[in-house]
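I opened my notebook for this one and jotted down what I looked up, entry by entry. Have a look at the model alongside my notes.

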Amino acid sequence: MAVADDLVLGVDTHKDVHVAAVLDRLGRRLAIRDFPATDAGNAQMARWLDSLGTVTDAGVEGTGSYGYRLARALTRHGVHVREINCPDRSRRRRRGKSDPVDAENAARAVLAGEATAVPKDRRGVIGELRMLVITRRSAVKARTQASNQIKAFLLDADDDLRNRLRALRKARFARACAALDPADGLNRALASLGRRWLTLDQEARELEKQITTLVAAQAPRLLACYGVGGVTAAQLLVTAGANPGRLRGDAALAALCGASPIEASSGKTSRHRLNRGGDRAANNALWTIAHIRMISDPRTRAYVAKRTATGNSRKEIMRMLQRYIARELYSLIIDAFVPVTAEVLT
């Protein structure tokens, strides 16, 4: 095969194997091949691309999961990598579903200019924060599950035990359950769940301290903003990635967090609705910040009162606040990575 220039690569990524398709700039398919989903397989793909010609651009599915290490390897190889978020459903209905077809469609999305998102870099402190945030989230979820199980088991308890525990909250409630005399199966279960709750609560608190320490070192100005805590700041940093320069502005951050306004107008009605897309964890972080400000920030409370008087619902006001907060925090997130802000992975 003759060596060509300015080729486009598309990759359908999986846990065990990546399927790659190479097209020329006229959209003609030159080659398709699969490679092991390993670092050695990624290096093998790079050598294969060199044998075909000069690949300048690539569309890779799953750059946040199975395709993350491949995206890094291709970037180091000098290829401009673009993230493929979702296959074209209309094309899939017409042509069917297979790994080679998905790989080819990824390359065509780059050719058509539909794939423009730069993959997120999660190395360094962002990678650490990401793992700590996910670990803490699972601990909090398990803690809530233990609490719910205790409350469900208490329905079988006598009035004396229920009355003793009813007025207690959180840690005091768990400690009271953990101290129960294991005289029967119910008490043993409650004591076990109480100890579990206390262990998970301690784990979640320690993880939150570690997260806050990392955020304070990386983005102290972000952490100093009203209503922004260590966990919410960490989630926003993780969502932006270690290369937030890929975000073109605060509107891009708002869209990424699912806080951008979506047109919902029809006829004589002109309005916007909540955006149900984007990173839901980041959206929850913005919601938490807005909720705190609605409770205790005088300026935010005045804004809410003004919007309520004009007929806006609480959901609409919350959506507006989230958008304003995304605008406020965008520059602080960018500033946290000034030395390493880049549009591509390095």
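**Entry: a leucine and its contacts**

I began with Leu 129, which, apart from its neighbours within four places in sequence, is in contact with Ile 211, Leu 214, Val 215, Ala 234, Leu 237 and Val 238. I took contact to mean heavy atoms within 4.5 Å. Before going on, I noted that this is a predicted model, in which local features need pLDDT of at least 70, side-chain atom pairs count only at pLDDT 80 or more, and totals for chains, interfaces and linings use all residues. I also noted that residues are numbered from 1 along each chain as its sequence is written, and that side-chain values use heavy atoms, with hydrogens and water left out.

I placed Leu 129 in helix H5, residues 125-153. Helices here are DSSP runs of H or I with at least four residues, strands are runs of E with at least two, and both are numbered from the N terminus. Is Leu 129 buried or exposed? I found Leu 129 buried, at a relative accessible area of 0%. My cut-offs were under 20% relative accessible area for buried, over 50% for exposed and partly exposed in between, with a 1.4 Å probe and protein chains only. I also checked Arg 196, 67 residues from Leu 129 along the chain, and the two C-alpha atoms are separated by 25 Å.

**Entry: the whole chain**

I counted 14 helices and seven strands in the protein chain. The C-alpha trace spans about 85 × 55 × 45 Å along its principal axes. Of the 346 residues, 44% count as buried. For contacts with a separation of 6 or more, I noted that 62% come from residues 24 or more positions apart.

**Entry: salt bridges**

I looked for salt bridges next, meaning a side-chain nitrogen of Lys or Arg within 4 Å of a carboxyl oxygen of Asp or Glu. The structure holds 16 of these salt bridges. One of them joins Arg 29 and Glu 104, with the closest N and O atoms 3.2 Å apart. Arg 29 belongs to strand S3 (residues 29-36) and Glu 104 to helix H4 (residues 99-111), so this pair ties together parts that are 75 residues apart in sequence. Arg 29 is exposed at 52%, whereas Glu 104 is buried at 5% relative accessibility.

I then looked at Asp 39 and Arg 69, whose side chains meet in a salt bridge at 2.9 Å, N to O. Asp 39 is in helix H1 (residues 39-52) and Arg 69 in helix H2 (residues 68-76), so the pair ties together parts that are 30 residues apart in sequence. Asp 39 is partly exposed at 46% relative accessibility, and Arg 69 is partly exposed with a relative accessible area of 46%.

Asp 121 and Arg 123 form a salt bridge too, at 2.9 Å from N to O. Here Asp 121 is buried at 8%, while Arg 123 is partly exposed at 27%. I also wrote down a network of salt bridges that links Asp 6, Arg 25 and Asp 57.

**Entry: a positive patch**

Which residues form a positive surface patch? I listed Arg 273, Arg 276, Arg 280 and Lys 315. Patch residues have over 30% relative accessible area and no salt bridge, with like charges joined within 9 Å and nonpolar side chains (Val, Leu, Ile, Met, Phe, Trp, Tyr) within 5 Å. Lys and Arg count as positive and Asp and Glu as negative, leaving out His and the chain ends. I found Arg 276 in the loop between strand S7 (272-273) and helix H12 (280-296), and Arg 276 is exposed at 61%.

Conventions
Accessible areas come from the Shrake-Rupley method with a 1.4 Å probe; for residues, only the protein chains shown count as cover. The place of a charge is taken as NZ of Lys, CZ of Arg, CG of Asp or CD of Glu.
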